[in-house]
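Please look over the model shown below before reading on. The report that follows moves from the overall form to the side-chain contacts.

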Amino acid sequence: MEKIDLIKIDCPICGIDTPYDVKYEANFKLDELDFAAKKTSKHMYFRNVKCKKCNLIYSNPIIPFEQIKKFYQATYFLELNQLEIMANDYEKLFYKYIPNISENTNVLEVGCANGLFLKRLQNRGIKNFKGIEPSREAYSVTDNLIKPNIINDFLGDNLFKDNSFDAVCSFQTFDHVLEPNDFLQKINKYIKPGGYFLQVHHNVNSLLPTLLGSKASTFDVEHIHLWSPKTMRLILKKNGFEVIKIKNISTGYLFEHALERLPLFTLLKKNLIKLSKWFKLNELTIRFPIENMVIVSQKKVV
Ligand SMILES: [Zn+2]
């Protein structure tokens, strides 16, 4: 790989040159970086800092945005069973938190992977849905019935008319976003006034990162900003959203997947995974409220 100069990141809530403390020193090798959505062995993260004003934890410095975007377009590790479990969870949350859903509800999902969640909405009769997904591989394995509704790119300007959607969803995406204000501004434009924005992603104050520190998979080169309920309120408010609800949620994990994410010695882990396969535990789903939160907000009516 060619030589890459790292770039400085500012707190997206407090702005340029707001002072910070270093939380964890960097732990990565440039030539081993990869941005697959789920991976097993290498645990790498950029230097993590904590804003002195709002306490946001974020990666700084990082490799240039263009380089990261190339990674996202080129890589995606699809673990189908795990994605199905996640899509089930998202479907339940959607029907729980978005009011008045009908077959005419206009839905956009940003970061829709291989479209499993949108497929579920379609099965439930929702006709007007769009998805955005930058990974070429995830797009290539998207169901042909919904593929025409997916844009294989990053969230950009003028993809849709302003005020197009009743609900926008974004699952395990916001901590990967390079420019959170720009991202939220775009979503705010596309969503109808009073329309809903449903997010699920890591809560940096949840049990796993609190217990394991930098050993938690929360700290990862993919996660540029690590949000808490407090910093989510601040960034959403800054970009024209009113927060309705923020809540820690249980996430379903395949037993094998959960094992892979634990910071165990490689040999021990390998043997545990073998053992779980032997006892057919590997396809068991277990649920823990240890790392994720749901955030429901609404575009302010001006
Ligand atoms: Zn800040």
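What radius of gyration would a compact globule with 302 residues have, and what does the protein have? A compact globule of 302 residues would have a radius of gyration near 19 Å, and the protein has 19 Å, which agrees; the radius is taken over C-alpha atoms, and the globule rule is 2.2 Å times the number of residues to the power 0.38.

This is a predicted model, in which local features need pLDDT of at least 70 and side-chain atom pairs count only at pLDDT 80 or more, while totals for chains, interfaces and linings use all residues. Residues are numbered from 1 along each chain as its sequence is written, and side-chain values use heavy atoms, with hydrogens and water left out.

## Overall form

Taken along the principal axes, the C-alpha atoms of the protein fill a box of roughly 50 × 50 × 35 Å. The protein has nine helices and 11 strands, where helices (H or I, at least four residues) and strands (E, at least two) are DSSP runs numbered from the N terminus. Of the 302 residues, 51% are buried, and here buried means under 20% relative accessible area, exposed over 50%, and partly exposed in between (1.4 Å probe, protein chains only). The accessible surface of the protein comes to about 14,600 Å², of which 53% belongs to carbon and sulfur atoms; such areas come from the Shrake-Rupley method with a 1.4 Å probe, and for residues only the protein chains shown count as cover. Among the contacts (heavy atoms within 4.5 Å) with a separation of 6 or more, residues 24 or more positions apart account for 76%.

## Helix H3 and its surroundings

Six of the eight residues of H3 are buried, so this helix is largely enclosed by the rest of the structure. The buried residues are Leu116, Phe117, Leu118, Lys119, Arg120 and Leu121, and they pack against H2, strand E4 (107-110), E5, strand E6 (150-151) and E7. After H3 comes Gly125, whose phi is positive, near 100°.

## Salt bridges

The structure holds 11 salt bridges, each being a side-chain nitrogen of Lys or Arg within 4 Å of a carboxyl oxygen of Asp or Glu. Three of these pairs are listed here.

| Pair | N to O distance |
|---|---|
| Asp21 and Lys52 | 3.7 Å |
| Glu84 and Arg120 | 2.8 Å |
| Arg124 and Glu91 | 2.7 Å |

In the salt bridge between Asp21 and Lys52, with its closest N and O atoms 3.7 Å apart, distant parts of the chain are linked, since Asp21 is in strand E1 (residues 20-24) and Lys52 is in the loop between strand E2 (48-51) and strand E3 (57-59), 31 residues apart. Asp21 counts as partly exposed, at 40% relative accessibility.

The salt bridge between Glu84 and Arg120 also links distant parts of the chain, with Glu84 in helix H2 (residues 80-97) and Arg120 in helix H3 (residues 116-123), 36 residues apart. Glu84 is partly exposed, with a relative accessible area of 31%, whereas Arg120 is buried at 13%.

Arg124 and Glu91 meet in another salt bridge; Arg124 lies in the loop between H3 and strand E5 (129-132) and Glu91 in helix H2, so the pair ties together parts that are 33 residues apart in sequence. Arg124 is partly exposed at 48% relative accessibility, while Glu91 is buried, with a relative accessible area of 13%. Glu84, Glu91, Arg120 and Arg124 are linked in a network of salt bridges.

## Aromatic rings

A search of the whole structure finds 12 aromatic pairs; rings of Phe, Tyr and Trp (its six-membered ring) pair if their centres lie within 6.5 Å, and planes under 30 degrees apart count as stacked, over 60 as edge-to-face and the rest as tilted. Tyr90 and Phe171 form a stacked pair, 4.0 Å centre to centre with 10° between the planes. Tyr90 lies in helix H2 and Phe171 in strand E7 (residues 165-171), so the pair ties together parts that are 81 residues apart in sequence. Tyr90 is buried, with a relative accessible area of 10%, and Phe171 is buried at 5%.

Phe197 and Phe241 form a tilted pair, 5.4 Å centre to centre with 35° between the planes. This pair links distant parts of the chain, with Phe197 in strand E8 (residues 191-202) and Phe241 in strand E10 (residues 241-254), 44 residues apart, and both residues are buried. Tyr90, Phe94, Tyr95, Phe117 and Phe171 form one aromatic cluster.
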